[in-house]
Amino acid sequence: MQKLERKSYRDAVFVQDFLTRCGSGTICAQCVSQKKRNESSNVVCLFKDCKGGTKSYCPHFHRCFICDAPHSCEKLCRLSRGNGEHCIALVDAIRPNFLLLDFDRTLASTKSGGSPLPKKTARSRIKEDYMHSIDSELKIAVFAQQAFGESHVVTRNSHKKEIEDFLRMHGLSDLAANVHVVPKKMAKGAFIRENFLASQDKNCIFVDDDIRELSNDPWLWSSKQVHRLLFVRAFL
Ligand SMILES: [Zn+2]
Ligand SMILES: [Zn+2]
Ligand SMILES: [Zn+2]
């Protein structure tokens, strides 16, 4: 299969080349890519340097969830991409038994397993206004979810105690009682299946900013019990 260079895709020369071959009148780069997609039977992304695998590609609409963002295929892939507002809409539409939230760069502004609380050293106390933030819309989603079922944090950040304190500080004491640290070598998908969806009649919305967590586990992407949201956080 012919793969596209990201550069040539936007390149006028490429479009010209296409025009010459198909002999059509006027066509823009977007139409070229649309035409290529419609004609393709691809199951992977058109771009050579795409970091996503086959499971971040929607075969129904020929769209990559990463490169062609924003793309959502809520009915067939059960994967969409969006922010906290989108999460609230999903909760209202799906009314899941479980709302499962990643922590770092999703519910909170932390990254790479760092503590959400300021370090208790003399130096950082000086700039004590420094504090990680919570995504206010995901927080609303957690409250909305109370009407339908439970919310849980499913994270690889090992600062369990600090995360619990952080959530309590933000008025989410119920959620603070539901913080799970996924073991290092375990896929989040396997963890979710074992801990939440062992029963076939339960379902969940799983929100994570990392496409790998959302797509690596075969059960996770194939199960009709799971709706996945690739989270895009608006950092303030
Ligand atoms: Zn056009
Ligand atoms: Zn799809
Ligand atoms: Zn891609």
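Hi everyone, let's start at T155: setting aside neighbours within four places in sequence, T155 touches D102, F103, I163, H180, V181, V182 and K188. Please keep in mind that this is a predicted model. T155 belongs to strand 5, which covers residues 150-155. Is T155 buried or exposed? Its relative accessible area is 1%, and buried means under 20%, so T155 counts as buried. Its side chain also reaches the backbone nitrogen of N157, at 2.9 Å.

Now to the metals, beginning with the zinc ion (ligand 3). Which residues hold this one? The zinc ion (ligand 3) is coordinated through the SG atoms of C45, C50, C64 and C67, at 2.3 Å. The angles among its 4 donor atoms run from 107 to 113°, and the site is tetrahedral. Along the sequence, the spacing of these donor residues reads C-x4-C-x13-C-x2-C. C50 sits in the loop between helix 3 (29-39) and strand 1 (57-58), while C64 is in strand 2 (residues 63-64), so this pair ties together parts 14 residues apart in sequence. Both C50 and C64 are buried.

On to the zinc ion (ligand 2). Its protein donors are C58 (SG), H60 (ND1), C73 (SG) and C77 (SG), at 2.0 to 2.3 Å. Here the spacing in sequence is C-x1-H-x12-C-x3-C. Why is the arrangement called tetrahedral? Because the 4 donor atoms around the zinc ion (ligand 2) subtend angles of 105 to 113°. For anyone who likes a reference value, the ideal angle for four tetrahedral donors is 109.5 degrees.

Key. Residues are numbered from 1 along each chain as its sequence is written. Chains are lettered from A and ligands numbered from 1 in the order in which they are written. This is a predicted model: local features need pLDDT of at least 70, side-chain atom pairs count only at pLDDT 80 or more; totals for chains, interfaces and linings use all residues. Side-chain values use heavy atoms; hydrogens and water are left out. Helices (H or I, at least four residues) and strands (E, at least two) are DSSP runs, numbered from the N terminus. Buried means under 20% relative accessible area, exposed over 50%, partly exposed in between (1.4 Å probe, protein chains only). A polar contact is a pair of N or O atoms within 3.5 Å; within protein, one must be able to donate a hydrogen and the other to accept it, and residues adjacent in sequence count only if both atoms are side-chain atoms. Contact means heavy atoms within 4.5 Å. Donors are N, O and S atoms within 2.8 Å of the metal (3.2 Å for Na, K and Ca); water is not among the atoms, so sites may look incomplete. Four donors count as tetrahedral if all angles lie between 85 and 135 degrees; four count as square planar and six as octahedral if opposite donors are over 155 degrees apart and all others between 65 and 115; anything else is irregular.
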